[in-house]
Amino acid sequence: MDSMKNLFKGVVVVGLLFLSTGLVSAQQKIGHVNSNDIIQSMAEFKTANAEFETLSKSKEGELQQMGAEYQKRITAAQDLQRNRSEANRDSIDAKLQTLTVEVNDIERRIQEFQQVAQQELEQKREELFAPIFQKANTAVQAVAKEKGYAYVFDIANSGIPYFAGGDDLTADVKTKLGITATTPAATPSNP
């Protein structure tokens, strides 16, 4: 009989612990933000995005020039090949050999340029956008602390397949960053 009482008391204590844990958990506030909306509304993002696009277009232009030079050499080689005969074979073969060396050199330079340009663009992207992401993250943390939120999820992150409820703190974070409601969001590029 005493063991039954002790068992019953134990079950009651465990039940109270679960109940109190549930009440504590129920008091934690959960919110969410849309980081894409916040970041794209920041003036710094718009400036950085424009600078990145300018650099990217510049690199594309340089690559197109190299491609045009490459195509010019290929066309010249094809023309020589079409006009090759027994009478001019030695002369044409020498020119074709020279063009082949030039074409191979241009191909190598194009590949090197692509690699260097890609690295430069990645470094520039990090240099331009990392401080913006940090500023937005700091603002999210500040708003969450000010308003007493235990958890704030980013609904722009594909790692959250479903959410229902919670408070949307996106507008509060924008206010913290000094972004007005009338500021249109920037169109994202594909960096």
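**Close-up views of aromatic residues**

Phe 45, Phe 52, Phe 129 and Phe 133 form one aromatic cluster. The model is predicted, so local features need pLDDT of at least 70 and side-chain atom pairs count only at pLDDT 80 or more, whereas totals for chains, interfaces and linings use all residues. Residues are numbered from 1 along each chain as its sequence is written, and side-chain values use heavy atoms, with hydrogens and water left out.

**View 1. Phe 45 and Phe 129 form a tilted pair.** Their ring centres are 5.6 Å apart and their planes stand at 50°. Rings of Phe, Tyr and Trp (its six-membered ring) pair if their centres lie within 6.5 Å; planes under 30 degrees apart count as stacked, over 60 as edge-to-face and the rest as tilted. Phe 45 belongs to helix 3 (residues 43-82) and Phe 129 to helix 4 (residues 89-147), 84 residues apart. Helices are DSSP runs (H or I, at least four residues), numbered from the N terminus. Phe 45 is buried at 7% relative accessible area, and Phe 129 is buried at 4%. Buried means under 20%, exposed over 50%, partly exposed in between (1.4 Å probe, protein chains only).

**View 2. Phe 129 and Phe 133 form a stacked pair.** The centres are 6.2 Å apart, with 20° between the planes. The two residues lie 4 apart in helix 4, so about one helical turn separates Phe 129 from Phe 133. Phe 133 is partly exposed, with a relative accessible area of 43%.

**View 3. The charged end of Lys 29 sits over the ring of Tyr 149.** It lies 4.5 Å from the ring centre. The criterion is NZ of Lys or CZ of Arg within 6 Å of the ring centre and within 35 degrees of the ring normal.
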